[in-house]
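I opened my notebook and started looking things up, one entry at a time. Here is what I wrote down.

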Amino acid sequence: MVPGHRLNNQAWWSLGLVCLVSLFVMGHAALAADARESDLGPPMRFVVVRSNAPGCEPTCPEWISAEGTIEAGTPALLRRALKKLGGRKLPVVVDSPGGNVDAALALGRLIRKNKLDIAVGKTRFKGCLPDEKDCTENDGRGARYFGTAYADGSICNSACPLMFSGGVRRVVGQWAFLGVHQITTTYVKTKLQYRTTYRVVKGKKKIIGTKVVSRKSAGSYKTYEMSKAVEKRLAAYLKEMGVGQGVLTTMKNTPASGIHQLVPENMLRMNLVTSLDSVDLFTAGTICSANPLPANCREIPANKPATPTLPTVEAPTAGSEPAEVPPAQPEIAQREQDMRFVVVRGSNPLCNPDCPEWISAEGAITPQTPQKLRQLLATLGNRRLPVVISSRGGDLFSALAAGRLIHEKKLDVAVARTDFVGCDPAKADCPADDGAYAGLSIDAGAECDSACALMLAGGARRFVGPQARLSLHLMGQKQVVKTYLEEMAVGPGLFTAIERRSVERQLEPGMMLKVGLTTGPQSVDALTGATICKASPKPDNCRMVPSPNAQADAPARL
């Protein structure tokens, strides 16, 4: 109460009144590029990763791994991560299903402000994982997280391409997935109850203050068409980032319930990507040998491989037995070497001068495998050579990517090994003539395990001879594998067989044929035998060499 004024010989006092009022209000519209934002998975997290590529230490590339759903608080997390880097410019390797549009725009601007490159890719961690607590495996190595970046199977959908647009250099690669669709706007209705305090002075109310005392949700609704205001805002952002308006047009023309995957050539035309490279452009272990050194390469002297020293032997004293040099300890057997692709020409004298040729694919399937195969196929032009494969398996997503490449090029595949004649291509002093190394294909002793079986499934014709071995088991990612097998037109029986196997088991030839993994009972000889070039019509992989003893020169080994 405050003193009033006297009117008509009466004292009037202002009254402090409280009024509680309830009403409905429309909250701010929340923009999401995906109508299922709540189902998109864990929120995006940012961690700095150092490459664990063999031989790159002590100077290795590093990057920011950004994986998960874009939420309202995601930009603050990136600011915090960049602050810890103290001005270091590391590329961002992103894998995201999408999320909040406003946050995606803020992320893009933050990336551009800090002049960072970006690539669509995933990170396979070695040692400590981002969500793992109290991990000490990487202690003393100068970095918290180590791993490998790879493109195969990675995604950047919905709102993620808006974040992606902020990169200075922007790459997706052939085996990553970038997709857009219509913006979803969610309007939230809220029931507010608030308290208003006012005074009455001379018969008139004077509001002192208003305070919200309760807030309850009263439902929401969504619209799946981009408003003019939102369209104008996104158009201005893309122009700011130097990205063509074709991206926005594609978003508007794709229903929110669908997704439109942009192919590399279209992304380049729209200037959404700055080149057709993949994530390897920023993260491959070899980039730190370039001059000048990329900004994301960092030397950790403590990680320099130790120089091996020979054991010292003390000179024997008079009358003593010579000291015995301790035998060298055998090294722990290394894992199978990374898969190598080389072109081979049959060396059986019965075929000259018209002999079959094939691609020998032997070794472990790694994230570099699809890229190596692509590089080799590029040297062959339109020639279609069968793939003769022997592998104990390896990375699942890389096998799927390699299988899709084989399927796209309509190549045949057979499980077999290649015996090289003269010398092994792995040796530096092993020359080749006119396109291929000399060799023989043999199915005895060949194996195709786990992920290799999925790579085999990409073949147009698929053969596993009676002396070759193929085994497989459930490798996780059920839906991914099931979708892939359907894509390769392999019957559902194979997936059912995989699900039933808790451990790796060998498949019998009859079963492989029954479930559709193989297309016939033949062995590798059906593709590489010495006499196949006498057939009519002549197989695509036969090539006439004028000299009777000519053996082909191989393209660069990959």
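This is a predicted model: local features need pLDDT of at least 70, side-chain atom pairs count only at pLDDT 80 or more; totals for chains, interfaces and linings use all residues.

What share of the contacts with a separation of 6 or more comes from residues 24 or more positions apart? I got 77% for the protein.

**Entry: the overall count**

I looked up the helices and strands and found 14 helices and 28 strands. Then I checked burial: of the 558 residues, 46% count as buried. The protein exposes about 28900 Å², and carbon and sulfur atoms supply 53% of that area.

**Entry: disulfides**

How many disulfides does a search of the whole structure find? The search gives seven. I wrote up three of these links.

I began with Cys 128, which is joined to Cys 135 with an S to S distance of 2.0 Å. I looked up the torsion about that S-S bond and got about -85 degrees, so this disulfide is left-handed. Both Cys 128 and Cys 135 are buried.

Next up was the disulfide between Cys 288 and Cys 297, with 2.0 Å from S to S. I noted -95 degrees about the S-S bond here, and the link is left-handed. Cys 288 and Cys 297 are both buried.

My last pair was Cys 533 and Cys 542, with sulfur atoms 2.0 Å apart. This link is left-handed, with -95 degrees about the S-S bond. Are Cys 533 and Cys 542 buried or exposed? Both are buried.

**Entry: the nonpolar cores**

I wanted to know who sits in the middle of things. The largest nonpolar core has 62 residues. Those touching the most other members are Phe 46, Val 94, Met 163, Phe 164, Leu 178 and Leu 234. Helix α2 (residues 101–113) gives this core its largest share, seven residues.

Then I followed up Phe 46. Leaving out residues up to four places away in sequence, Phe 46 touches Ile 64, Ser 65, Ala 66, Thr 74, Leu 77, Leu 78, Ala 81, Leu 107 and Met 163. I also found another core lying apart from the largest one, with 51 residues, including Tyr 150, Trp 175, Ile 406 and Val 515.

**Entry: Asp 354**

I picked Asp 354 next, which lies in strand β19 (residues 354–362). Asp 354 has a relative accessible area of 11%, and under 20% counts as buried, so this residue is buried. What does its side chain reach? I found a polar contact of 2.6 Å between the side chains of Asp 354 and Lys 538. The side chain of Asp 354 also reaches the backbone nitrogen of Arg 543, at 3.4 Å.

I listed what Asp 354 touches, not counting residues up to four places away in sequence: Arg 345, Cys 533, Lys 538, Cys 542, Arg 543 and Met 544. Two names there, Cys 533 and Cys 542, are a disulfide pair I had already written down.

**Entry: helix α9**

At 1.5 Å a residue, its 13 residues should span 18 Å, and the end C-alpha atoms are 18 Å apart, which agrees.

How many of the 13 residues of α9 are buried? Ten are, so I'd call this helix mostly covered. Among the buried ones are Leu 396, Phe 397, Leu 400, Gly 403 and Ile 406. Ile 406 is also one of the residues in the core of 51.

Asp 395 caps the N-terminal end of α9, with a side-chain oxygen 3.5 Å from the backbone nitrogen of Phe 397. After α9 comes Lys 410, whose phi is positive, near 60 degrees.

**Entry: a buried residue and an exposed one**

Phe 341 is found in strand β18 (residues 340–346). Its relative accessible area is 0%, and anything under 20% counts as buried, so Phe 341 is buried.

Where is Ala 295? I found Ala 295 in the loop between α7 (280–283) and β17 (297–299). Its relative accessible area is 56%, and the cut-off for exposed is over 50%, so Ala 295 is exposed. Not counting residues up to four places away in sequence, Ala 295 touches Arg 88 and Lys 89. I also looked up Glu 62, which is 233 residues from Ala 295 along the chain, with 9.2 Å between their C-alpha atoms.

Methods. Residues are numbered from 1 along each chain as its sequence is written. Side-chain values use heavy atoms; hydrogens and water are left out. A disulfide is a pair of cysteine sulfur atoms within 2.5 Å. Buried means under 20% relative accessible area, exposed over 50%, partly exposed in between (1.4 Å probe, protein chains only). A nonpolar core is a set of buried Ala, Val, Leu, Ile, Met, Phe, Trp, Tyr and Cys residues joined through side-chain atoms within 4.5 Å. Helices (H or I, at least four residues) and strands (E, at least two) are DSSP runs, numbered from the N terminus. Contact means heavy atoms within 4.5 Å. A polar contact is a pair of N or O atoms within 3.5 Å; within protein, one must be able to donate a hydrogen and the other to accept it, and residues adjacent in sequence count only if both atoms are side-chain atoms. The expected span of a helix is 1.5 Å times one less than its number of residues. Accessible areas come from the Shrake-Rupley method with a 1.4 Å probe; for residues, only the protein chains shown count as cover.
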